[in-house]
Amino acid sequence: MSGGDLVVIGNGMVGQRFVEALRARDHGRRWRVTVLAEEGRPAYDRVRLSAFFDGVSAEELNLHTPDDGVALRLGEPATGIDRARRVVTTATGEHPYDALVLATGSYAFVPPVDGTDLPGVFVYRTLDDLAGIRAHGAGRRTGAVIGGGLLGLEAANALRLLGLATSVVEFAPRLMPVQVDEAGGAMLRRYVEELGVTTHLGVATTALRPGPDGAVAGLELSDGSTVDADLVVVAAGIRPRDELARAAGLAVGPRGGVLVDATCRTEDERIWAVGECAAVDGTCHGLVAPGYATAEVVADRLLDGAATFPGADTATKLKLLGVDVASFGDAHGATPGCLDVTFTDPATRSYAKLVLSDDARTLLGGVLVGDASAYPTLRASVGGPLPAPPLALLAPSGESGGGVAALPGAAQVCSCNAVTRDDIDAAIAGGCADVPALKACTRAGTSCGSCVPMLKQLLDAAGVQQSTALCEHFDASRQELFEIVQVRGIRTFSQLIAEHGRGRGCDICKPVVASILASLGTGHVLDGEQASLQDTNDHFLANLQRDGSYSVVPRIPGGEITPEKLIVIGEVARDFRLYTKITGGQRIDLFGARVEQLPQIWRRLVDAGFESGHAYGKALRTVKSCVGETWCRYGVQDSVGLAVALELRYRGLRAPHKIKSAVSGCARECAEARSKDFGIIATETGWNLYLGGNGGFRPRHADLFATDLSTDELVTLIDRFLMFYIRTADRLQRTAGWIEALEGGLDHLRAVIVDDSLGLCADLDAAMARHVASYSDEWRDVLDDPDRLRRFTSFVNAPHVPDPSITFAVERGQPVPARGAPPAAGADRRRQPVALGLPEVRR
Amino acid sequence: MSPTSTLDWTAVCPLDRLDPDRGVAALVDGVQVALFVTGGELYAVDNLDPVGGAYVMSRGIVGSRGGVPTLASPLHKQVYDLRTGRCLDLPDVTLRRHEARCRDGVVEVRLRQEE
Ligand SMILES: Cc1cc2nc3c(=O)[nH]c(=O)nc-3n(C[C@H](O)[C@H](O)[C@H](O)COP(=O)(O)OP(=O)(O)OC[C@H]3O[C@@H](n4cnc5c(N)ncnc54)[C@H](O)[C@@H]3O)c2cc1C
Ligand code: SF4
Ligand code: FES
């Protein structure tokens, strides 16, 4: 397909993954994407939904990263599809499409029983459902779940955690009938009952009856008995949401679901379906891994790829605290001629079954109850040779770890994200030395988390000491190096590496040391040897862009600017033909400058009173502000004045990661201060300080740290917070991650910088005072020094020849990089689509 | 820019114009070359980043990996062996090398034929 308007209906787990997959590969921006979402919040991790009852907030479950190229319309469900005109209708308008992707998921099936509409009866599908359950459950005593499958047991555990005496009613004669066999079901029942959950098996619910207050009070069962319940969760199965497709005349599968072929396309060549609403070749899949596979297929197809649905991994693990249950592959032994190996240990109360091929060589599937520690290894081995003799594999945890060493490279370690052992090994070889790095690099372990133990084992198997060493040149962590440099008074990289490291350094340790030296006030970042340590951004005091040109960002403290200065920026942009953009950080970015133009551009800006905005380094970027009490009728403090003062105070401060801040003049929060590393919100009587927002890839709100501060108190706390962070954080660790990693978290931070528990405060205050006193503008310093200026040429032997590779096209009236010929074939590996390939299910 | 290859040495700049471990770009017969001095050795490679497609290699960070002198792309940080041009992070990717020498305090470069 060539591109155009793409409409996605549904922003659930799979819809979100689809949009990310497409956007990551749509380099030519062929598709303009609109996402229609019924729920009021963007996509979140439904698989981990129950963690909500363990205190995990809705924000932590968030899966959505804002993307300028995607219009996300929350709370605007699609109401119809007009295939002839190719438009999707909603209550507020029409959305034309060239391609349409249905990602509407499922709804909870509620059996036709009297009383399911009573107050206090819930389904278990969305965050809103869970919030409703929590609210209704408060102060109540009894709860019941209709349905004893995976979801029902998860819901039962949630009710138990809410303090309700809980019953489960299941129509089949055993719990988790789909996944577990009879013997496993019996073992599971004992565990569940020991948790205090009562089970009623082999009976149907015939009615729900209300109590005196009109809300639900109990269940009537088919065997004539009754069960008390002030709160009822119906978890009797799911049905694909195919209503839009049906109304639009599209075919549905034999058991519902939008019928699609292996390319996930419906009979209408412009319409695709992904996730739980799709019936791929007639079958719906109610798990996230096959859903993600469909998302990858359609993303690939819309960009002219040839991916097909590779089959589904139906492995599941019950997330019930204290009870391990897992089933994977052909758990019921449906393959002709297959063999069972079962193992029951009354002492450890574990039950395991492995299903093997008729020659006993290939693992087809299995069930584990009581001890599922072998699950990740076994699941990854489905379809391949056994990594060890069956009994050794099933031996109690601790002894089974050896299994990973024998896993074949093609085995799926993480089935949620289709990551193989080869992928993990390659990432380890590429330098991933711990689980967070592997997660970031391969995505393994970022969904259900069940493969994380195996990631650790694979690191061990590869001989990776999970160390804090910065890189191969230094055994010390960033924090330790900071102390070494400070205590020993070291001022050069050569001395540091000669005395405390080895080799010549690299792109990891050099910028770290450069940042440490800069935070300790060792002069201009381009002085002497320091110049060779800087990343290209710091080296040219500008931001490298994709075509090798740079962008120039003058500081505009607090976003406040005079008309005269605005005019100068406009003139500079015009004279140097720079693409101009107002950024989210209240800056004006000028793009497309060649190296030799940088000093000329700075000269004009510096003469007009501008200085470097430090948009390049790991440094303080901006302090954003709203208009505050000066103009705003709601404002209670001068947010602009404070933002300007803070920005000037911390300008040029080098840190482990870039730092952003904002100040809002009242609780309406127009400056979005809570999404910053440090954010300030005015109160009637002072300032509230929030710390540790941002988070980057996983957005995060800052936490309230202190309230009603005077301006002096506020500045002192921020000084200490920043300095303590700069000294102790890891390389590239944002403030959010740093606070999370502090033992004791925010409370510890409070002890250190408010109560001075470590006796550090005087030192931190002095360090900040030195920084403030020693600030000088890096652009001006370069302009004043011919030696430094000499570096700003495109070619050493042709200083006046502009780099011929930088050429521009025009888009919307402005210059943008011309797209040259693609790099050498086979070289563009970084951006290749992720591999598809889930193990096939043998039936 | 087609790689016209000559077998002649071209004088580029005085040696003291190269800071240790920090590259410069030069134009040699119309080809952009990145020049480095590290560990007392001179290296010349293509300025074109074979992965990112921009002419930026002269602005990468010089270092070592396991004793091998290296250059990291400033775009996406792939690391190359300066002696062979081989990418240490991605199989099958190489950075074109050229020859460099110092005569009487002047750095000279000779483009290499396609290998
Ligand atoms: C409590 C719970 C636990 C689970 N645990 C696991 C697990 O351990 N492992 C596993 O693999 N799977 C698990 N699942 C299933 C998993 O969550 C789903 O497979 C997955 O979310 C499917 O993604 P989806 O995008 O297809 O549907 P969803 O995530 O349901 O998203 C569909 C979205 O589309 C929206 N929508 C519907 N109709 C419209 C419309 N007309 N217009 C606009 N928007 C619309 C819906 O509001 C919804 O937000 C669990 C599910 C639940 C509820
Ligand atoms: S945050 Fe308050 S003071 Fe600032 S612009 Fe918004 S409403 Fe006005
Ligand atoms: S298997 Fe679910 S995150 Fe890896």
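1. A disulfide is taken here as a pair of cysteine sulfur atoms within 2.5 Å. By this rule, the count over all chains of this predicted model comes to zero disulfides.

2. Two cysteines of chain A illustrate the point about distance. The closest cysteine sulfur to that of C506(A) belongs to C471(A) and lies 3.8 Å away, which is too far for a bond because the cut-off is 2.5 Å. For C509(A) the closest cysteine sulfur is again in C471(A), at 3.7 Å, and this too is too far for a bond. As for accessibility, C506(A) is buried, with a relative accessible area of 10%, and C509(A) is buried as well, with a value of 0%.

3. Which residues are found around ligand 2? The shell consists of C626(A), G628(A), C632(A), Y634(A), G635(A), G665(A), C666(A), R668(A), E669(A) and C670(A). By class, the residues of this shell divide into five nonpolar, three polar and two charged.

4. In helix α21 of chain A, which spans residues 745-753, the buried residues are G745(A), L746(A), L749(A), V752(A) and I753(A). Seen down the axis of α21(A), these buried residues fall within an arc of 120 degrees, and therefore they line one face of the helix. The elements that cover them include, in chain A, the strands β36 (686-691) and β37 (703-709), together with the helices α19 (711-728), α20 (735-741) and α22 (761-774).

5. On confidence, the model scores ipTM 0.91 and pTM 0.53. Chain B averages a pLDDT of 88, and 91% of the residues in that chain score at least 70.

Terms used
Residues numbered from 1 in each chain as written. Chains lettered and ligands numbered in written order. Predicted model: local features only at pLDDT ≥ 70, side-chain atom pairs only at ≥ 80, totals over all residues. Heavy atoms only, no water. Near = heavy atom within 4 Å. Nonpolar A, V, L, I, M, F, W, Y, C, P; charged D, E, K, R; others polar. pLDDT = per-residue confidence, 0-100. Buried < 20%, exposed > 50% of the residue type's maximum accessible area, 1.4 Å probe, protein only. Helix = DSSP H or I, 4+ residues; strand = E, 2+ residues; numbered from the N terminus. Arc of directions from axis to C-beta. Contact = heavy atoms within 4.5 Å.
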